[in-house]
Amino acid sequence: MALTVAGNSFASVLDSYLGGGHVVVKKAPGTSAWNTTYNAKATNSMQEAKTKSDAVSQRVTDEGIVMLKNDGVLPLKEQSIVSPFGAGYMDPAYSGSGAAATTDKEMITSEQGLKHYFKVNDATVQAMKGAKTSSPGAAPGTKALNADKNSVQAIMDKGKSAHIDEYDPSIYTPLADKVKDTTGIVFIKRSGSEGIDKRTQGYDDGTPHYLALTAAEKNTIKFAKDHCASVIVVLNSANPMELTPIMGGEFEADAIVWTGTTGSRGFESLGRILSGKVNPSGRLTDTYPTDFTKDPTFANFGEYHYTNTKVKDQSVLGDFMPGANRGTIDRPYVEYEEGIYVGYRYYETASVEDPDFIYGRLNKNGGIVQPGAVAYPFGYGMSYTSFDRKLKDVQVSGGKVEATVEVKNTGKVAGKDTVQLYYTAPYTDYDRSNHVEKSATELGAFAKTKLLQPGAGQEIKLKFSEDDMASYDYHHRNHDGSTGAYLLEAGNYMLQLKNNSHDVLDTYQFTVANTQFYEGNNPRQSDKDAQSKLNDKGEPTGKPEQKAGFKAPSNRFQTMNAYMDEQGVTQLSRSNWKGTFPTAPEGRKGVAPQVALDEFSWFDKFDPDTDKVLGNDKASKVYQDKEPKSKAKHDLALIDLRGEDYNSKKWDQLLDQIDWQGDKKSITEVLFKAAYQTAAIPSIDKPATVDKDGAMGWSIKGASSWAGANVIASTWNVNLLKEMGEALGEEGLQSGLNAWYAPGVNTHRSPFSGRVYEYYSEDGLLSGKLAAASISGAGNKGIFSYLKHFALNEQETFRDMYLATWANEQAVREIYLKPFEIAVKEARSTEKYIGDSKGTMTTKVIRSATGIMSSQNSIGGVIGFAHRGLLTDVLRGEWGFHGAVITDLYPTKQHQLRDMTLRAGNDLFMNQMENAAQDYDSPTARMAMRKALHNIGYATVNSNAMNGITPRSRLGYSMSPWKKLLYGIDVAIVVVAALIVFWIVRRGLDEKANPDRYKKPKSRKKVKA
């Protein structure tokens, strides 16, 4: 019975993992013969879908692996002898942990990847098998390796993620003669982890942090260098690493190849690339500095606490896991003092602004010519061939910048090239006076060529809007009384074709004649397009969806702006470059200013009944005095809204049918118990959905495994990303999945972030374009993607303890929101629906970004789940987003947090336990729930969850198989119990009737020996 009670409490989660009941469709009269396969399978089984995914995954790693250095040793001759070294060879990093964990058992191992193309010297392998690895300990005066207790994952990890395990290089000493004349391949491994950032402090062997090479690793490389014919270093690293020691000098490698976390096919690609079967074409999505501790983000990354405000751990996990509840602690915070100067934006601007700054120079082989701040720039990568690139034509007119780039393969082998177009905007006196920052260069457009044979060429056309070059001025006073606007200034602009963020190939200068503030009803073109109605081809019509017309962005993060403008907060600025370099809070502690304390207090004390911002108070932004209609008889089902616009009047008619009392259990389960599924709602015939993690492949048995997101992004191939989305979508179709908790597009603000491997890049344009492609591909298969984590979730440390994250609005919009913005605005997929009363299948193109996952960290002083400025004003108001917003997994005891998130614009609370909102019955609560159900319904009706359902159909569900089993066990227990009771009663009656039968035998007397 206890099992049944527990099963019913966690029914939705069990349905998601063990399988729920089948949908029973009661089709409307006359519709039984209609074709209702809106999203058709292209394969016959999950295994076939996985096989096709593996093929695409192989192409991703073929194009995503980056060759950083090559002194001519690569490619190696096939079947030549290679000697592998390093713990990374014996135990590589295939995937991440948490949401990025995969289940694929068909991994191409590092050994297989080499043996498919080379003869592997078994001597080094046997030496490693007979030895044990060890890690350097913490340096004196630093925290222990297991000191991190900031998350449940960190508590469970017990410091393992800070270990850098390696063999003692002395195990190779007896093998000097056995590795002679072979190619040494040293594998360096670094893993990523959800909930755990990388160690920024030193180790007792002199290693400065987790992302630097240890003494054992360097000495292993030195042994290979001294005794092998040549040495290649393979970086099986989830994160960027400090590589200067192996780029020149004592430990210099002949070649360096970055594979990232490989997924199931990465090591096959490694063998193909090392042998020359594949020409590497990957380009870095991050800058690789020479000293990570001198990056401007380093001073403000990790653990910092206020001394004048506290926060209490409200997680239910502490009730089940010893040590998981952190109690009441000083409130954690982080300040993004570097502003927009993240990654290459900092290094390229520093090389312009600071006369003492040395950028660094490389030779043609990727080795050091002049040591400097940058080892390898953003967008860098080598090939076995060479390319000639030039700007053939540039047209600037009608608000558009269009460039034609001519690419020619001038080498001797076929290869692909990545075309990178950057722009430079003028940095003016107005900017200096008004704290508007501009990077010295910024990626404007990019494209990957087709495979070009030697001597062959291709013309690539790149374009973007002139107003895409606008900067956000968060101090500008607009004519309508609001503050903040995008600004495109008059002056000379530079368009640069580059090999990477630093090396210029060709230049074109053009002039913008007039300064333009985009304010009021005059937004940028991308905002107009986002707020426009679409035609059936998915093209903006230029007619606004909202009656109020078009609306330009304005400040939505005023508390953050006020905080960052406080006198004690440093903000890096070109107006005083050296004098504004970020600094760390003394002792990693700070004092929260009043503007922060006020927001903390409002959030902590939120009461849905009385709050004046999001409560039932008449002055609140969400107040309603009339309940929405209920139990209307419109005879509509959710399927009838497939193909309808979000603002169609039919939605009101459908939502008027909601039975608030009869469907209360279903509604509360949908809204507040939405972990890995959403429940059905009978009154509107919304089917249940099954949703899964999948940053590196679906988290289900039999699914494919993909490389890390940063490897995927290193392809710089939009078309390939769309194919990836479609491949994952096909697996979803075969497995009965409807929604994907991916992709992740948080910014690589710091290389020390634990989830760098789960996100694409340090650049928002690159991330956004690639995310839009993968979402579009998945959408073509009816999968709706929860783009995550929205927003400013750039570190794991204390993210689930209301980490107060502070940045000015220019940085928020231009760096951290940009990838989300591009993906939401640009993703498109093809949808099929029944277009008339005769069952005619009709096709249209729709916006396919219909899911967002909000972030656990606080945006300023308010958790990302509950920031109305972010979730309602920006996401839905400015970007025209239609769909469902779900929280990250957050098992909290706070009922009122559910009220707050719902009213702020968050529709689904990801939780496995019964824990509804405090207010279900007020008109304000009902209207907030109605809006959420509209959003959830819109995402659902445009998904593959509608396959097999005809218009006007009614839905039911068969019993879940696991429920049948539990009920069967219950029945068996009842039968057994009844038999026992029957036997006891019968025995008692028989004993009364025949007492002699039940007399106890007399005990025998003991006989003495």
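Phenylalanine 85 and tyrosine 172 are both buried, meaning under 20% relative accessible area with a 1.4 Å probe and protein chains only. This is a predicted model, where local features need pLDDT of at least 70, side-chain atom pairs count only at pLDDT 80 or more, and totals for chains, interfaces and linings use all residues. Residues are numbered from 1 along each chain as its sequence is written, and side-chain values use heavy atoms, leaving out hydrogens and water.

Let's stay with the rings. Those of Phe, Tyr and Trp (its six-membered ring) pair if their centres lie within 6.5 Å; planes under 30 degrees apart are stacked, over 60 edge-to-face, and the rest tilted. The rings of tryptophan 698 and tryptophan 740 are tilted, because their planes meet at 50°, with centres 6.3 Å apart. Tryptophan 698 counts as buried because its relative accessibility is 0%, and tryptophan 740 because its value is 2%. Elsewhere, one aromatic cluster is formed by Tyr341, Tyr346, Tyr347, Phe357, Tyr359, Trp577 and Phe581.

Now for helix α24, residues 895-904, where eight of ten residues are buried. Helices here are DSSP runs (H or I, at least four residues), and strands are runs of E, at least two, both numbered from the N terminus. Among the buried residues of α24 is Arg898. Arginine 898 lies over the face of phenylalanine 909, 4.5 Å from the ring centre; the rule asks for NZ of Lys or CZ of Arg within 6 Å of the centre and within 35 degrees of the ring normal. After α24 comes glycine 905, with a positive phi near 120°.

Key. Buried < 20%, exposed > 50% of the residue type's maximum accessible area, 1.4 Å probe, protein only.
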